[in-house]
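Subject: Structure handover and notes

Dear colleague,

I am passing on the structure below, together with some notes on what was found in it. Please keep it open beside this message as you read.

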Amino acid sequence: MAANSVVSTISSSVPRNSMTNSILFSYSPTKLTPNVLRLAKGFPSLSFSAARKPLRKSFRVNSVAAPEEAVSGFDEMVSSTRRKYYMLGGKGGVGKTSCAASLAVKFANNGHPTLMVSTDPAHSLSDSFAQDLTGGTLVPVEGPDYPLFALEINPEKAREEFRNATQKNGGSGVKDFMDGMGLGMIVEQLGELKLGELLDTPPPGLDEAIAISKVMQFLESQKYNMFTRIVFDTAPTGHTLRLLSLPDFLDASIGKILKLRQKIASATSAIKSVFGQETTQQDATDKLEKLRERMVKVRELFRDTDSTEFVIVTIPTVMAISESSRLSSSLKKENVPVKKLIVNQMLPPSASDCKFCAMKRKDQMRALDMIQNDLELSSLVMIQAPLVDVEIRGFPALRFLGDIIWK
Ligand SMILES: Nc1ncnc2c1ncn2[C@@H]1O[C@H](COP(=O)(O)OP(=O)(O)OP(=O)(O)O)[C@@H](O)[C@H]1O
């Protein structure tokens, strides 16, 4: 079958699936050459069905999708069996959770045991999947073909846990201990024991930094080995940015504390052994050292092009696009790999626009122009996701959205 005949067949009228407002086109894979497939996949509004049946495959032509829709390269995203991390970020309320959850569902339906992580204090993951996913542990998500688990980390709780661990035996605990020994002066002189202070008045983003490091801690355990795709529904733009620069800062703080510990260790070892505190102090040092290592891993992970991709989600408004442009620029500065931009909530094509829709559409077209002319955003692969007329909630809705976005 020639490539253009596939396209013309797809273009001609075929049955419409009323549930999904999409057109299904079935074909026998044996008749399709790689060229035909490539051409068909590049065809506007055409997507490759998630169903991977051996003898029959189907194309889905989404009538709701915008005509200039770009291809997100899902085949590339799904192909490697190596573990990959996807982080979705953007301004509040643009649809990060929906897009992230739809990606996680799509991975799980395409053979990848997937973990969906949220460190967002608002925790919309449970709402998105219409399932209680709270509790800070792995919860299985019902629906997909392959395992999909969710993990909601409460950032404030994570900070409290860390605070308890460091304050009891380390952090300002060191100072208390040294004070108790009449050696507080040494600590004062060596100075810079800022962790307690840091945790009392945390700078914005610290909670997320600790929450992500907690996720890393989980990921180190054997129970998590099965996951080949990890999808993060990240915090809103400002927080994400701060979080990206924080590991350096925290690494430095913890590094200082560890150095300080080494310096005071010799001065206090005799006293410590008398009071039997040697082990406790060692435990605290180990904990701090582990946290520092994890922070370094988080920072490296965010910057590793081979394993990580940051996807920016936006909506077609001037404000959201301006913010996305700033986000893209700061991600680049941090060497965070970002290739794709999802423009969510595009009005679907319509033959009969009301005045309101016509105005809105004009605005959205202007916003798309703005992206095309933006130095930061124009180089990204743009994926237009339509505003759908149902709430994106629960597994079937997420699968539906995923099949539109991730092609
Ligand atoms: N393409 C879409 N079509 C229709 N509704 C959508 C679409 N994308 C998102 N929504 C809806 O918009 C609302 C906000 O979406 P979502 O929670 O995914 O955004 P968010 O960016 O994660 O928000 P927050 O920053 O508050 O966590 C939800 O009610 C969701 O169902």
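Strand β10 (residues 308–314) runs parallel to β11, and the two pair over five bridges, where strands count as paired if DSSP finds at least two bridges between them, and where helices (H or I, at least four residues) and strands (E, at least two) are DSSP runs numbered from the N terminus. One of these bridges brings together F310 and its partner in β11, V338. Before going further, please note that this is a predicted model, in which local features need pLDDT of at least 70 and side-chain atom pairs count only at pLDDT 80 or more, whereas totals for chains, interfaces and linings use all residues. Residues are numbered from 1 along each chain as its sequence is written.

Both strands belong to an open sheet of eight strands with mixed pairing, in the order β7-β8-β6-β9-β5-β10-β11-β12. Its edges are β7 and β12 (381–386), each of which pairs on one side only. Helix α4 packs on this sheet, touching β5 (84–89), β6, β8, β9 (229–233), β10 and β11, and its direction makes about 170° with that of β9; such angles run from 0 to 180 degrees between N-to-C directions, with axes fitted as lines to C-alpha atoms, for helices over the stretch in contact.

At the other end of the strand order, β8 (residues 148–152) has five of its five residues buried, so this strand is largely enclosed by the rest of the structure. Here a residue is called buried if 20 or more other C-beta atoms lie within 10 Å of its own, exposed if 12 or fewer, and partly exposed in between, with C-beta atoms placed from the backbone. In a regular strand the side chains alternate between the two faces of the sheet. In β8, L148, A150 and E152 point one way while F149 and L151 point the other way. Strand β6 (residues 114–118) pairs with β8 in the parallel sense over five bridges, and S118 has E152 as its bridge partner. Strand β7 (residues 139–140), by contrast, pairs with β8 in the antiparallel sense over two bridges, with P140 standing opposite F149.

Which residues touch the most other members of the largest nonpolar core? They are A104, M116, A150 and I342, in a core of 66 residues, where a nonpolar core means a set of buried Ala, Val, Leu, Ile, Met, Phe, Trp, Tyr and Cys residues joined through C-beta atoms within 7 Å. Helix α4 (residues 96–109) gives the largest share of this core, eight residues. M116 touches A100, A101, A104, L125, L148, A150 and V231, leaving out residues up to four places away in sequence; two residues are in contact if their C-beta atoms, placed from the backbone, lie within 7 Å.

The ligand is surrounded by 19 residues, of which the closest are G92, G95, K96, T97 and S98; a residue is near a molecule if its C-beta atom, placed from the backbone, lies within 6 Å of it. The elements that give two or more residues to this shell are α4 and β11 (338–346), and the largest share, three residues, comes from α4. The shell divides into seven nonpolar, eight polar and four charged residues.

Two residues deserve a look at their backbone. Most residues other than glycine have a negative phi. N335, in the loop between α13 (318–333) and β11, has a positive phi near 60°, and it counts as exposed because it has 12 C-beta neighbours inside 10 Å. Q345 lies in strand β11 and has a positive phi near 65°, but this residue counts as buried because it has 20 C-beta neighbours inside 10 Å.

Finally, helix α15 (residues 395–405) is mostly covered, with nine of its 11 residues buried. R399 has its place in this helix and is partly exposed, with 18 other C-beta atoms within 10 Å. R399 touches V105 and N109, again leaving out residues up to four places away in sequence, and its C-alpha atom is separated by 9.5 Å from that of G143, although the two residues are 256 apart along the chain.

With best wishes

Methods: Nonpolar A, V, L, I, M, F, W, Y, C, P; charged D, E, K, R; others polar.
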